[in-house]
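Thanks for coming. I have one structure to show today, and I will keep it short.

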Amino acid sequence: IYVFIKIGLFKIKLQLRDKMEIYTCRFYSFMIVSLVYKNLYKLRRIQMYSEPYIVALDPGNAWIKVKVGDREIDIYENIYSFRDDQYLTEFYLCLTRIPNKFNIDRMMDVSVKNGSSNRIHNFIFGKQALDLHINSNERGNSSKSNDMELVNHSIACIANSILKVMDEDKWTENVKVDIILSAGLPYWEFIIAGRKEEYMSMFKGEHTINFLHPCYPVKEMKINIINTTVISEGDMALRQVLYEKKDLNDTENKIFYIIDLGFYNINVIGAHFDENLDFTVIPELSYSLKEGLGIAIELTRQDLKTAYSKKLGPFGEITRAEVIEAAKENYYERKISGSDINIEPFYQKNCYFIAKRISKNIKSYFKDIHKNNYNISEIYIVGGGSYDSLIRDSIKEELKEININSDLIKFVDDAEYKNIQGYFTQKIIKLEDENSIKISKEKKDKN
């Protein structure tokens, strides 16, 4: 554009040489070139990436997991605070921080305008909420399909994760992106008519995220969700496990099962390959249980608040994520990070009680399967709740009582990520299939 304008101005200059003073021509040259540069700057400020980002989303009570493309999964603690403008103004006055991909998670002071409802939601999220020590809140244990608050928190996390995969030189004041989204619902919600559509509708459209932290590298981001797929939790985890196996032979008459141990929902899915080798969920072999180790975590938090009341004070809180992380250590070192508060013996007691209740329910389910002469080929156990040896051992013991061989029960590596990996993998497979159908149709039309 600049070169073309310079050539045009040169021609005007030749034509006007005899009629105008040379400084007049230079003045007009300066004005036109300045105007062009100004408009080019405006165009550059709004950075649009033509290729849609493929995003998988798995929001839960304790964490929100986001996977952008083939990058690693980002995990955000699902904790938030309402904005206190006066406090934040004072806090930000003495704050200087150079933003990079590793620290923008701690700057999530955001305003989200949801494109489906046109409502604006202001909140401080995740690590930023914990850092500020403002009264924080955690998600209540409720259904996902009508939870607008969860959707807005998820949109903020998606925006942050997309910026983390961008080159930092593309962090401009305003960013606009298109995304293709894949997410899931617990099986009990997924099978209720209208719930899937309701959940999808809350993500639909263009969402505007304003980042209010003064050090955040982007001020406004627009996310246009051009396509949303909502699938069933458990089903996707099972597909992902089988996809990773790669060596599925003699699948005829085999029924595969998965026990997806979420913290507040347990999905038990039975599925098989049909005559067309399509992997299909068998509804009569699938169900959900509104139960999980999250209940043991809540009971433990209550116990700790009573036992350590003086140390915590009237406003002290121990988060779900802190209890879960402590529970992954060995028995004598299960301390809340950064403190000497040990979650034992409370956690072990509560976990044993809940694990027994869950495993007995699962035993009852497989007992009915035996009665109806369904085959049991393999049982895979996944989900965030499967990390605990108490529940793993309890399930094995209960299933052994109804003659299910322990060799059939498989505990999967990276168990808590199988759903989100499945959302991403199945979306890629679907897009590839759609693309191959489109190409073959174009070839056919050409012929």
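First, the conventions. This is a predicted model, in which local features need pLDDT of at least 70 and side-chain atom pairs count only at pLDDT 80 or more, while totals for chains, interfaces and linings use all residues. Residues are numbered from 1 along each chain as its sequence is written, and side-chain values use heavy atoms, with hydrogens and water left out.

The chain as a whole. There are 14 helices and 16 strands in the protein chain; these are DSSP runs numbered from the N terminus, helices being H or I with at least four residues and strands being E with at least two. The protein chain has 447 residues, and 49% of them count as buried. Buried means under 20% relative accessible area, exposed means over 50%, and partly exposed lies in between, with a 1.4 Å probe and protein chains only. Taking contacts between residues at least 6 apart in sequence, 72% join residues at least 24 apart, where contact means heavy atoms within 4.5 Å.

Now the strands. Strand S5, residues 109-113, pairs with S6 in the antiparallel sense over five bridges; pairing requires that DSSP finds at least two bridges between two strands. Lys 113 has Ile 120 as its bridge partner in S6. The two strands S5 and S6 form a hairpin with six residues between them, and Asn 118 in the turn has a positive phi of about 60°. Strand S4, residues 79-81, also runs antiparallel to S6, residues 120-125, joined by two bridges. There, Tyr 80 has Phe 125 as its bridge partner in S6.

Last, the asparagine. Asn 267 lies in strand S12, residues 266-273. Is Asn 267 buried or exposed? It counts as buried, because its relative accessibility is 0%. Its side chain makes a polar contact of 3.5 Å with the side chain of Glu 233. A polar contact is a pair of N or O atoms within 3.5 Å; within protein, one must be able to donate a hydrogen and the other to accept it, and residues adjacent in sequence count only if both atoms are side-chain atoms. Beyond four places in sequence, the residues in contact with Asn 267 include Pro 186, Tyr 187, Asp 260 and Tyr 287.
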